[in-house]
Amino acid sequence: MSTDVEQLSCRELVELVTDYLEGALPEEERLRFEDHIARCGACKIYLEQIRQTVAALGHLPEDALTPEAERVLLDAFRGWHRR
Amino acid sequence: MADDQLLAALRGRDENAFRELVREYHPSLVRVARIYVPTQAAAEEVAQETWLGVLNGLDRFEGRSSLRTWIFRILTNIAKTKAVRDGRTLPFSALQDPRGVPEAAVDADRFLDPEHPRWPGHWAVKPEAWPEDALLAAETRKRLAEAIEALPATQRAVISLRDVEGWSSEEVRNALDLSETNQRVLLHRARSKVRAALEDYLNEAGT
């Protein structure tokens, strides 16, 4: 199995997904990553799921400021304004 | 609005500019404050104090960092001071070096043994493609929000700012004072867990 030394296992690949998406993998490792993805349907699905997760998070509504907090803060602003 | 315009408006005591700023950043401030203080109420208090600090410092702000980075530095200082005053141990080590405590992105039992004669470290239980329409369903969003809430505070802050609010990694690193590597480790863990939660839900919904 000496030819496998250079290959990533699926278990290793899932730990590199964020580095890959962030463009933080060194060139050689990026090639190994892409080589694995090209040959492994399950890891391709995994990578796609991470991308889908990130995309879905982008559609979540951001937390909104409560009217009460906004009132308190604007009162503070008016107090500061008058000084 | 660009920083310098916004700054000029704030210094001109423009209430609308302040309201805009508060609406944009207050929820994120509360989320980041949760890294340092134990309750939502305490985090809300820290965020409110931060705004007072912003107003008091506004005329002295020299613009050497972005307005956003400056605001988050004020928050971090206030939150840390409060945590020390309350006698709390800060999660500094967790924030400084998350790699000290390893976490797997996917449960180890999803894979074959690394010593497996034929398929070392390959999937034993493969992920199944998700139906595209399920991702946009209201229930899926609810599960996503719950998965974020269940994360440790540092991971929750990083994934919220990066993926929900759409900040760049540099902006997050500046706001939270994280190294590039640590920001990535925290993001990785957070995304991995949220994916796993989504997978649990979608598998269960699909069967």
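Which residues does B:Leu75 touch, not counting residues up to four places away in sequence? Please also describe the helix and the core around this residue.

Analyst: This is a predicted model, in which local features need pLDDT of at least 70 and side-chain atom pairs count only at pLDDT 80 or more, while totals for chains, interfaces and linings use all residues. Residues are numbered from 1 along each chain as its sequence is written, and chains are lettered from A and ligands numbered from 1 in the order in which they are written.

Leaving aside residues up to four places away in sequence, B:Leu75 touches B:Leu29, B:Val32, B:Ala33, B:Val46, B:Ala47 and B:Thr50. Two residues are in contact if their C-beta atoms, placed from the backbone, lie within 7 Å.

B:Leu75 is one of the buried residues of helix 4 of chain B. A residue is buried if 20 or more other C-beta atoms lie within 10 Å of its own, exposed if 12 or fewer, and partly exposed in between. Helices (H or I, at least four residues) and strands (E, at least two) are DSSP runs, numbered from the N terminus. Helix 4 of chain B has 19 residues and spans 27 Å from its first C-alpha to its last, close to the 27 Å expected at 1.5 Å a residue; the expected span is 1.5 Å times one less than the number of residues.

Besides B:Leu75, the buried residues of this helix are B:Leu67, B:Trp70, B:Ile71, B:Phe72, B:Ile74, B:Thr76, B:Ile78, B:Ala79 and B:Ala83. An α-helix has 3.6 residues a turn, so residues three or four places apart point the same way. The buried residues of helix 4 of chain B pack against helix 1 (3–11), helix 2 (15–33), helix 3 (40–57) and helix 8 (169–176) of chain B. After helix 4 of chain B comes B:Gly87, with a positive phi near 70°.

The wider setting is a nonpolar core, that is, a set of buried Ala, Val, Leu, Ile, Met, Phe, Trp, Tyr and Cys residues joined through C-beta atoms within 7 Å. The largest such core has 50 residues, and B:Leu75 is among those with the most contacts inside it, together with B:Val32, B:Ala33, B:Val46, B:Ile71, B:Ala79 and B:Val158. Helix 4 (residues 67–85) of chain B supplies the largest share of this core, 9 residues. At least three residues of the core come from each of domain 1 (3–85) and domain 2 (93–206) of chain B. A second, separate core of 15 residues includes A:Leu8, A:Phe33, A:Tyr46 and B:Trp123.

Chain B is divided into domain 1 (3–85) and domain 2 (93–206), with bounds that come from an automatic or database domain assignment. Taken over C-alpha atoms, their centres are separated by 28 Å. The contact takes 9 residues from domain 1 of chain B and 13 residues from domain 2 of chain B. On the domain 1 side, helix 2 and helix 4 of chain B are the elements that give two or more residues, and helix 4 of chain B gives the most, with 4 residues. The residues of that side divide into 3 nonpolar, 3 polar and 3 charged, where Ala, Val, Leu, Ile, Met, Phe, Trp, Tyr, Cys and Pro count as nonpolar, Asp, Glu, Lys and Arg as charged, and the others, Gly among them, as polar.
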